[in-house]
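Colleague: Before I rely on the terms you use for this chain, I would like to hear how each of them is defined. Could we take them one at a time?

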Amino acid sequence: MSFFRRKVSSEPIVARRVTADDRPRLTRLVHTAEHRFLTSGVDELSELFATDPTALIEIDGRLCGVMSFGWRTRPVAWLRTILLHGQVLVADGLRELMGALYAELRREGMTLAAVTLDEWSEPWLRRPLLELGYRPMVEVVGYEKDLLDRPATGNQAVRVRRAVPSDLAAVLALDAACFPLPWIKGTEIFVPALATSPCFVIAEFGADVVGYAFVSVHQAGRLFHLVRIAVAPAYQGRGIGVRLLAEVVDYCAAHHAELLTLNTQADNYVAQRLYEWFGFVRSGDRQTVLGQAIAGR
């Protein structure tokens, strides 16, 4: 295949897993790559390359591209990082990198690769992914709220408390019961969230964990993002979601947030009615989740 827009070398393309010896070159590529898809801060990449399945491509020993998958909760792995030299044909580079990673992901029990793309960003990435067989799965819309009041406090018979690390198993089970593919989250999300989220709350009814919600904080505390809110299917319709959302809004107001944001599926009209009743409005942000079955190589 013609891997570069202009011929650089007749040497073969090498696609392989990243090793510790590659770290210095990876750091340089982070800052020099013309095509970049990043879901984490640049300062986090070195650690992520050590823990996430990561592959690189080389020509004549020169590093030309990197890809990693993270947030792996069977059976879904999320495309987390792509760095490509500007002369690399994007579709060809992605094909080689995926070929070096998909077999490993299959061994981990992953059968679906997914990626979230903003409507306005990554125009260089969407078409090549579609050419390689990725297909739209879900549309996501953004909401925001700047007046941190609430219309109700929800079910007061439910106890709401701060989550602790020992809640992990209950939260994982609740998450799996509440969300379809590709939204189920795993320990990669919940372990750090339990440790660092400024507001991670649990709803209990008797001895049962029946709901949870947590936020992340950004822009030096001016913006909070509701990452997740869930209520056990058997307890939905009892005001528990209202209770959790009211707790989150109250927390953000008490900590002088200027904006609270969230994302939800474009066709999740039940959730949208709740958010709009609480005073959230559409932000105009829209994302598409693309997915592809992970074939063995």
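Modeller: For charges, Lys and Arg count as positive and Asp and Glu as negative, while His and the chain ends are not counted; the place of a charge is NZ of Lys, CZ of Arg, CG of Asp or CD of Glu. On that basis, the mean positions of the 33 positive and 33 negative charges are 3 Å apart. This is a predicted model, in which local features need pLDDT of at least 70, side-chain atom pairs count only at pLDDT 80 or more, and totals for chains, interfaces and linings use all residues. Residues are numbered from 1 along each chain as its sequence is written, and side-chain values use heavy atoms, with hydrogens and water left out.

Colleague: What makes the radius of gyration of the chain agree with that of a compact globule?

Modeller: The radius is taken over C-alpha atoms, and the globule rule is 2.2 Å times the number of residues to the power 0.38. For 297 residues the rule gives a value near 19 Å, and the chain has 21 Å, which agrees.

Colleague: How do you know what share of the residues is buried?

Modeller: Buried means under 20% relative accessible area, exposed over 50%, and partly exposed in between, with a 1.4 Å probe and protein chains only; by this criterion 49% of the 297 residues are buried.

Colleague: Why are E2 and E5 called paired strands?

Modeller: Strands are DSSP runs of E with at least two residues, numbered from the N terminus, and two of them pair if DSSP finds at least two bridges between them. Four bridges join E2 to E5 (residues 76–84), and the two run antiparallel, so they pair by that definition. Arginine 36 stands opposite leucine 83 in E5.
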